Amino acid sequence: MANRHAGIILICCFLLPAAGCAEGPLWRAGKYTPWVQNQWEQEEKIADTLFSRKRRISEMTQSAINAPIEDKQRVAESLDEFTERRHPLLLRLHAVKSMGQLNCPAAIESLKRLSSDNSADIRLAAIQAWQNMPADQAIPHLQKMLGSDTNIDVRLAATRALSNFSGQQAVAAISLALDDPDPALQVRATEALQKVTGEQLGRDVNAWQNYIASLRSAK
């Protein structure tokens with residue numbers, strides 16, 4: 001029981017920064033005063049609700065993976081509701097990632113919108129979901145995020161995600177990172193290009209730039 005309560009306290013510290021763990025040393029010490037016990041019970045209810053809703057999302061998604069397109073559409077639309085800002089971030093992230101398991105128009109439209117969400121965490125989750133989508137849908141949006149997102153972690157994640165696809169479209173998208181002035185992005189690009197092309201040029205940015213130039217001139 002003690003371990004269970006300790007786990008719930010930790011979860012609630014992340015979910016409810018304005019309450020619970022923010023109450024001061026008495027809360028952190030775990031003193032069993034009446035107001036602490038009452039607050040504990042309330043936060044347990046919130047945590048249980050979060051877990052049950054995440055479980056519901058997972059069950060809905062799994063039931064639709066091999067279902068007809070109409071069922072996928074309905075589930076994707078339900079998942080989209082869970083991505084709204086009124087829901088806790090952890091729940092939103094779970095819904096966004098689950099979108100990637102549903103290859104249907106509704107899921108793709110949701111991911112397009114979520115790829116420009118104000119939250120970098122949501123955009124990162126969208127990148128993870130795009131990796132499971134068809135290349136012709138995923139690559140253009142990952143390329144857009146790589147080229148225009150203002151968060152370096154998002155751009156790095158988009159570059160890595162592009163390495164999960166093959167062909168010239170993926171190579172062209174990754175080359176944007178190769179030409180970026182940020183050294184971290186350049187290194188990530190060399191790693192991604194090596195995976196996509198099979199060429200063994202290491203982390204030599206100039207060598208990869210020459211390789212890309214040779215591909216363009218051969219067209």
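This is a predicted model: local features need pLDDT of at least 70, side-chain atom pairs count only at pLDDT 80 or more; totals for chains, interfaces and linings use all residues.
I then checked the geometry of the pair. Helix H7 covers residues 120-130, and its axis comes within 8 Å of that of H5, with a crossing angle of roughly 20 degrees. I noted the handedness of their crossing as right-handed.

Next I turned to H4 (residues 69-82) and H5 (residues 89-99). Their axes also come within 8 Å, and they cross at roughly 155 degrees. I therefore put H4 down as roughly antiparallel to H5. H4 passes H5 in a left-handed crossing. On the H4 side I listed Ala76, Leu79, Asp80 and Phe82, and on the H5 side Leu91, Arg92, Ala95, Ser98 and Met99. The class count for H4 with H5 is 6 nonpolar, 1 polar and 2 charged.

Last, I looked up the largest pocket. I recorded about 210 Å³ of space in the largest pocket. Its lining consists of Lys112, Ser115, Ser116, Asp117, Arg123, His141, Lys144, Met145, Ser148, Asp149 and Thr150. Helix H8 (residues 135-148) contributes the most to this lining, with 4 residues. By class I have 1 nonpolar, 5 polar and 5 charged residues in the lining.

Key: Residues are numbered from 1 along each chain as its sequence is written. Side-chain values use heavy atoms; hydrogens and water are left out. Axes are lines fitted to C-alpha atoms, for helices over the stretch in contact, and angles run from 0 to 180 degrees between N-to-C directions. Helices (H or I, at least four residues) and strands (E, at least two) are DSSP runs, numbered from the N terminus. Angles under 35 degrees count as roughly parallel, over 145 as roughly antiparallel, 65 to 115 as roughly perpendicular and the rest as oblique. A crossing is left-handed if the near helix is turned anticlockwise from the far one by less than a right angle, and right-handed if clockwise. Contact means heavy atoms within 4.5 Å. Ala, Val, Leu, Ile, Met, Phe, Trp, Tyr, Cys and Pro count as nonpolar, Asp, Glu, Lys and Arg as charged, and the others, Gly among them, as polar. On a 1 Å grid over the protein atoms alone, a cavity is a set of points where a 1.4 Å probe fits but cannot get out, and a pocket is an open set with protein on both sides within 12 Å along at least five of seven lines; lining residues have an atom within 4 Å of a point. Grid points are joined across faces, edges and corners, and a volume is the space filled by probe spheres set on the points.
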